[in-house]
Amino acid sequence: ALGTALRQNRTLNTLRMDGNHLSLDGLKGFRGCLYGNKKLHTLPNPVHDLKALIGGLDREIAQCEEAVRNAKVQIKIACRGGRVKPWLGNPALKQRSLEQLRAAKRQQGA
């Protein structure tokens, strides 16, 4: 309905549509209805809607990165024949383990 109205628009100069929870598909569809519209001159970016879309993508990216990290850990475990290092996948624990190992080596050498 909005697409048809905007194609036939003869009076509307400015349209602010932010805050309507538009999806990416909705924005793409909206773009198509602007073809042929000669009167609409001002159409601000829907900042809040775009931030919401990007925020959702950030969460998906973080989940994918976590899945990749977990897969790498599982591959390392499989390559070691099931032998697991206690710090595998935990950088802070790895650093602590390395420090303990270095301290033990220093004590043996001293």
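Student: Where is Asp49 placed?
Tutor: Asp49 sits in helix α3. Helices here are DSSP runs of H or I with at least four residues, strands are runs of E with at least two, and both are numbered from the N terminus. Before we go on: this is a predicted model, where local features need pLDDT of at least 70, side-chain atom pairs count only at pLDDT 80 or more, and totals for chains, interfaces and linings use all residues. Residues are numbered from 1 along each chain as its sequence is written, and side-chain values use heavy atoms, with hydrogens and water left out.

Student: What makes Asp49 a residue without a salt bridge?
Tutor: A salt bridge needs a side-chain nitrogen of Lys or Arg within 4 Å of a carboxyl oxygen of Asp or Glu. For Asp49, the nearest side chain of opposite charge is Lys51, and that is 11 Å away, so there is no salt bridge. Lys and Arg count as positive, Asp and Glu as negative, while His and the chain ends are not counted. Asp49 is also buried, where buried means under 20% relative accessible area, exposed over 50%, and partly exposed in between (1.4 Å probe, protein chains only).

Student: Which residues does Asp49 touch, neighbours within four places in sequence aside?
Tutor: Met17, Asp18, Gly19, Asn20, His21 and Leu22. Contact means heavy atoms within 4.5 Å.

Student: Why is the pair Arg69 and Glu66 called a salt bridge?
Tutor: Their side chains meet at 2.7 Å, N to O. The structure holds one salt bridge. Arg69 and Glu66 are three residues apart in helix α3 (residues 47-79), so about one helical turn separates them.

Student: How do you know that Arg69 and Glu66 are partly exposed?
Tutor: Arg69 has a relative accessible area of 45% and Glu66 has 36%. Both values fall in the partly exposed band, so that's the label.

Student: What makes up the largest nonpolar core?
Tutor: Seven residues: Leu6, Leu15, Met17, Leu27, Phe30, Cys33 and Leu40. Helix α2 (residues 24-33) gives the most to this core, with three residues. A nonpolar core is a set of buried Ala, Val, Leu, Ile, Met, Phe, Trp, Tyr and Cys residues joined through side-chain atoms within 4.5 Å. Leu40 touches Leu15 and Leu34, among others, with residues up to four places away in sequence not counted.

Student: How far apart are Thr4 and Cys33 in sequence and in space?
Tutor: They are 29 residues apart in sequence and 6.9 Å apart in space, C-alpha to C-alpha. Thr4 lies in helix α1.

Student: Where is confidence lowest and where highest?
Tutor: Lowest in helix α1 (residues 2-7), at a mean of 72, and highest in helix α4 (residues 91-109), at 83. That's pLDDT, the predictor's confidence in each residue, from 0 to 100. The chain's mean is 78, and 88% of its residues reach 70 or more.
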